[in-house]
Amino acid sequence: MRVRLSPLSQRLVGSSILKIAAEVRELTASGAPVCDLTVGDFARAEFAVPERLSRGVAEHVTHGQTNYPPANGVLALRKAVAAHYKRSLDLDYPLDGIFVASGGRPVIYALYRTVVDSGERVVFPVPSWNNDAYCNIMGAAPVAVPCGPETNFLPTAELLRPHLRGASLLVLNSPSNPAGTMFDAQQLGDICDLVLRENARRGEGERPLYVMYDQIYWMLTFGQPHVNPVGLRPGMAQYTVFADGISKGFAATGLRVGWGVGPSDVIRSMADLLTHLGAWAPRPEQMATAELLGDEPAMAEYRTRMIHDIRERLDLLAGGLEELRQAGLPVGSSAPQGAIYLSAHFDVQGRRTPDGTVLRTNEEIRRYLLQSCGMAVVPFQAFGQPDENGWFRLSVGAVSPRAIRDLIPRLRQALESLT
């Protein structure tokens, strides 16, 4: 049979999360109760975008702001991002160190394309979001560093040390998708020191080791301060590119406004690359986002309410799982730290379901939880974690507190039914 697609197209694999979502929809359509903890998105009934933002988008469409935006983003938004970073993160960036794109994904893609060539090494922890796919697209050599619960599913300097020599890009994410955990200053500072030493070692003809710091969830944190490489080690400014935007902090995944912040020469090249893809955020959304970022009272009010609502759901989940653990059932979780995720552990490998099936893999555990009690979760394998270790991502952006409360008794019964 004649080959019809490129080698890249044949290598690419669709999202396993979307495949799980199709199962969830089918079960929901049958009328069964389902607590959908799979999607990294927000249900409108639970988390609406800020009124200031939605109203602004409509007004700018009405007022004719519907032409192409500048390739690097409208000036008002770049100024607003610069002021936002200075005010909230104490990071001082010039306007030519900021560019705007249609969400965080084009920023990440543009950085890969700008600093990584085919065959070059990209180092990233697993579990993590989509780095294997970006390496595949690039033809880069992925270096996946497994991280477990003992390090909060985040890399340490010791784990990364053997892998950074000669690498082109190190990818870090905090708060983490999928784990919902965060770097502390010591852990991230030690990694920054490694990067600075590696770059000091490199000769004049070698390109630097860059760090992509994905902090798209940084406005959703609980008790622990968010830290970043440049804030901890100012020398990291020449090597760090931030990926950020409105999709998570403002529940605005569909409005597609993201930005990259970093060294001016890298940012300029990233913006130039995306001009050939047309991956600009729409002008009305950019204008409305600029106004929102400039309205400190509106931002503070929204952030306080959103953190409260997310934390309520995460605490209900973590508390419910802890209650089951204390009852002697094989389940547990990490402590909620940030983002909209909880890492949950189901230690049921080798146990038998009521129909006689022995659970051996995370996929079998996932299916059992969905079919037995309507608990829809995503195994860490979807994020590159190789081990069949019973760890799953639970996302609370699309569920109500009541749905979580209703789930826990059903989950208890499902776990008690295992032998």
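Predicted model: local features only at pLDDT ≥ 70, side-chain atom pairs only at ≥ 80, totals over all residues.

Visitor: How many aromatic pairs does the count give?

Guide: A pair of aromatic rings is described by the distance of the centres and the angle of the planes. Rings of Phe, Tyr and Trp (its six-membered ring) pair if their centres lie within 6.5 Å; planes under 30 degrees apart are stacked, over 60 edge-to-face, and the rest tilted. The count here comes to 12 aromatic pairs. One of them joins F153 and W391, edge-to-face, at 4.9 Å centre to centre and 70° between the planes.

Visitor: Which parts of the chain does the pair of F153 and W391 tie together?

Guide: Helices (H or I, at least four residues) and strands (E, at least two) are DSSP runs, numbered from the N terminus. F153 lies in the loop between β4 (141-146) and α7 (157-160), and W391 in strand β13 (residues 391-395), so the pair ties together parts 238 residues apart in sequence.

Visitor: Is F153 buried or exposed?

Guide: Buried means under 20% relative accessible area, exposed over 50%, and partly exposed in between (1.4 Å probe, protein chains only). F153 is buried at 2% relative accessibility, and W391 is buried at 11%.

Visitor: What is the geometry of the pair formed by Y217 and Y341?

Guide: The ring centres of Y217 and Y341 are 5.4 Å apart and the planes stand at 70°, so this pair is edge-to-face. Y217 sits in the loop between β6 (210-214) and α9 (229-232) and Y341 in strand β10 (residues 341-346), 124 residues apart. Y217 is buried at 2% relative accessibility, as is Y341 at 1%. Elsewhere, ring pairs link Y85, Y93, Y213 and F242 into a cluster.

Visitor: How many residues of helix α11 are buried?

Guide: In helix α11 (residues 283-293), 10 of the 11 residues are buried. Among them are R283, E285, M287 and L292. The cover over the buried residues, counted by contact (heavy atoms within 4.5 Å), includes α3 (51-62), α4 (75-89), β2 (98-101), β8 (258-261) and α12 (296-326).

Visitor: What is the volume of the largest pocket?

Guide: Rolling a probe the size of a water molecule over the atoms shows where empty space is left. On a 1 Å grid over the protein atoms alone, a cavity is a set of points where a 1.4 Å probe fits but cannot get out; a pocket is an open set with protein on both sides within 12 Å along at least five of seven lines, and lining residues have an atom within 4 Å of a point. The largest pocket has a volume of about 1100 Å³. Of its 43 lining residues, S15, I17, R105, W129 and N130 are the closest to its centre. Helix α6 gives the most to this lining, with four residues.

Visitor: Which residues are closest to the centre of the largest cavity?

Guide: The largest cavity holds about 120 Å³ of space. Of the 17 residues lining it, S128, W129, N131, V171 and N173 are the closest to its centre. Strand β5 gives the most to the lining of this cavity, with three residues.

Definitions and conventions
Residues numbered from 1 in each chain as written. Heavy atoms only, no water. Points joined across faces, edges and corners; volume = space filled by probe spheres on them.
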